[in-house]
Structures are given as C-alpha cells and as structure tokens.
Amino acid sequence: MKFLKEAVRRNRWAILLWMVINGFELTVFLLYNVMMEPLLYAAAVSLLLLAVLTAADYGREKERHAERQRTSGSIARDWKSLPEPHSLAEEDYQEIIHALGDRMEQVMSEYESRRQDQLDYYTAWVHQIKTPIAVMKLKLSGDSPENRLLLAELLRIEQYVDMVLQYIRLSGGSNDLVIREYSLDELIRETVRKFAPLFLEKKLRLDYTEVQENIVTDKKWFGCILEQLISNAVKYTSAGTVSIGMKDGFLYISDTGIGIAPEDLPRIFERGYTGLNGRIGQKSSGLGLYLTKKAADMLAIPLRVESTVGKGSRFMLDVRAKQTAANGSEKKQ
C-alpha cells in the first residue's frame, strides 16, 4: 500500500491535470450539447494510459526500495557503494551522504588516534607505577603485623592501578585476546596467592576445593574476573569464609559477608552503580563488577549472582561450554 501511495504522490500532477482537462471538456460538451461518447472514450483511454504509467512507476519504486534496503544492510561497511541515482535529487542526496561519510571517517580516525594515545599513556603509566610498588613489596617482606597491613594496602593500590588499564581497554573495544587451554586450578591458585595479604589482614578462612578442570580462555582477562570477584568477597566480609569451588559446571566464589540488597542485585553490573554496600564507608567506585561483566561477556562466560543480606553472596561463572571445548581439544591430541 505504501508503494501505491508513493506512486500516486509522484504522479499527482498528472492525475490533477487529467482531472482538470477532462472536467473542462465535459463542461464545454455539456454547454454546447455535443455527443458525450467521444469525450468518454478519450477520457477512458487517457485514464488507462495514466494507470499504466502509475503502475510502471509503482513497480520501479518497489524495485528501488528493495535495492535501497539491500544497500542499507551494508552501508555501515561500505557507505560508498550506493545505488545508481535515478534523478537529480537522488544524485544530490548521494553527494551529501558522501560528504558526511568522508567527515565521519575523518572524525573516527581522529578519535582512534586520541584513544590510542590515551591507551599508550596509561599503559606506560601502569608499568611505571608498578616499579615502585614492587620495590615496596620487597621492603615489606618481613612477617610482622605492620608489614602485612602495608602489603594489603599495596595490593589494593595495585588492583586499582590495573583497573585503570582494564577500563581503558574494555571501554575502547580493544581485543587483545590470546585464547589457550589452562588449568582452572592453576589460575585460581595464582589469584588466591595474590590476595594472601588481605586474607591474613582480615583473618578470613579460605575454603578452596580443587576443581580439576581445564578451560579454554584468555588468561589475562579471566584472571581479571577472578581477581575482582575474590577482591569483592574479601572486601565485604569482615569475618568468616571465602569459598571457591565447582558445582554443576559453575565455578563459584562465595562469601559470608554483608550480602547485596535485593533492589541492588539487578543493577550491580551497571557502570558507576555502587548500591547500598558501596555507599557504606565509600568503599566502591562502581567499576569493578562492571568491568567483570564486560570481561565475562567478551570471553562468552555467563555470570550469575545470588545473595542474601547478612548471609553473603555467591558469584557463579558458567564454564561448562569452555570445559567442553577444552576436553574436546584434549581428546583430539
């Protein structure tokens, strides 16, 4: 129907001219009492011709619409490949599109250049700041309560430094994945060792059950997910246990901390959302779980959470598909 309306609209002047001419002729014939048959015959022939022209225009417009629809599907990839213009107006519009496309490419190039400069700057900054952090760790190697406290604070500083780089890379769409097969237990133990000072500082118990599974993933980004989840478990647990294990294909990290309010659960992965827990003592920036979810989505690992206020939280990573891929590659070998 919309094509028919468009065809009538495009030929409205011809239709109007036909109506005016035939109305004028009908008036003249009636005034002079002339036989109406020739007039009716001519009007019918001209009306038929007008209908044929309108139908042909309808067919052409439908074909052009289909061609434009096909073009719109690929215009994001190649906006320069536009259909052949059929009128001066279409040619003018295509010139406008080309001008806008050229400007868009220029703006995107400038943006990408600035984003890369920013990423290079923060990458260099992270590596430079980690040097004094490593030196301070060596200086605090003694096993004393004061040293353990300072080491725990250094770990938090290092985690925040890493978060800056992760945020820049994920927000900029950087894809530096190196997909390989790893032992889940090795990845977990490596992360747990990193947080040992925090466990000692808060006197928390670690309940870790070996999962004895492999996973095909990117070590760096999967490690970022583990670090953030374990960090949150320690941060919001003042006393009790942090548990890590595998159940029904889900790698879980649970705690006996303060839990998450039901009204906060749907929004904890939003950027900048801190919820009630984050506002207590201003502990949260609202970026940690946002980056965790972004990294999990990038690695195609579904992430779920269950929580009860006052009893603790459990974050679950669905690694079943990754285990299947790992086991399949192992069988091929």
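This is a predicted model: local features need pLDDT of at least 70, side-chain atom pairs count only at pLDDT 80 or more; totals for chains, interfaces and linings use all residues.

Q: What about contacts in the chain with a separation of 6 or more: what share comes from residues 24 or more positions apart?
A: That share is 68%.

Q: Now the sheet. What's the strand order?
A: The order is β2-β4-β5-β7-β6. Five strands make up this open sheet, with mixed pairing.

Q: Which ones are the edge strands?
A: β2, residues 205-208, and β6, residues 303-308. Each of them pairs on one side only.

Q: How are neighbouring strands turned against each other?
A: By 15° on average, with direction ignored.

Q: Which helices pack on the sheet?
A: Helix α6, residues 184-194, packs on the sheet and touches β2, β4 and β5. The direction of α6 makes about 175° with that of β2. Helix α8, residues 219-235, also packs on the sheet. Helix α8 touches β4, β5, β6 and β7, and its direction makes about 25° with that of β5.

Q: Back to the strands. How do β5 and β7 run, parallel or antiparallel?
A: Antiparallel, with five bridges joining β5 (250-255) to β7 (312-318). In that pair, Ile253 sits opposite Phe315 of β7.

Q: And how many bridges join β6 to β7?
A: Six, and these two strands run antiparallel. Leu303 has Leu317 in β7 as its bridge partner.

Q: Switching to cavities. How many are there of 30 Å³ or more?
A: One. The volume of the largest cavity is about 100 Å³.

Q: What lines the largest cavity?
A: The lining has 13 residues. Gln166, Cys224, Glu227, Gln228 and Thr292 lie nearest the centre. The elements giving two or more residues to the lining are α5 (145-171), α8 and α10 (288-298).

Q: Which element gives the largest share?
A: Helix α5, with five residues.

Q: How does the lining divide by residue type?
A: Six nonpolar, five polar and two charged.

Q: While we're on α5, where does Glu158 lie, and is it buried or exposed?
A: Glu158 lies in helix α5. Glu158 counts as buried because its relative accessible area is 11%, under the 20% cut-off.

Q: What does Glu158 touch, leaving out residues up to four places away in sequence?
A: Lys130, Ile133, Lys137 and Lys194.

Q: Last one, Gly286. Where is it found?
A: Gly286 is in the loop between α9 (275-279) and α10.

Q: Buried or exposed?
A: Gly286 is buried, with a relative accessible area of 6%.

Q: What does Gly286 touch, on the basis of not counting residues up to four places away in sequence?
A: Gly286 touches Glu270, Arg271, Gly272, Tyr273 and Thr274.

Q: How far apart are Gly286 and Gly272?
A: They are 14 residues apart in sequence. In space, C-alpha to C-alpha, Gly286 and Gly272 are 4.0 Å apart.

Definitions and conventions. Residues are numbered from 1 along each chain as its sequence is written. Side-chain values use heavy atoms; hydrogens and water are left out. Two strands pair if DSSP finds at least two bridges between them. Helices (H or I, at least four residues) and strands (E, at least two) are DSSP runs, numbered from the N terminus. Axes are lines fitted to C-alpha atoms, for helices over the stretch in contact, and angles run from 0 to 180 degrees between N-to-C directions. Contact means heavy atoms within 4.5 Å. On a 1 Å grid over the protein atoms alone, a cavity is a set of points where a 1.4 Å probe fits but cannot get out, and a pocket is an open set with protein on both sides within 12 Å along at least five of seven lines; lining residues have an atom within 4 Å of a point. Grid points are joined across faces, edges and corners, and a volume is the space filled by probe spheres set on the points. Ala, Val, Leu, Ile, Met, Phe, Trp, Tyr, Cys and Pro count as nonpolar, Asp, Glu, Lys and Arg as charged, and the others, Gly among them, as polar. Buried means under 20% relative accessible area, exposed over 50%, partly exposed in between (1.4 Å probe, protein chains only).
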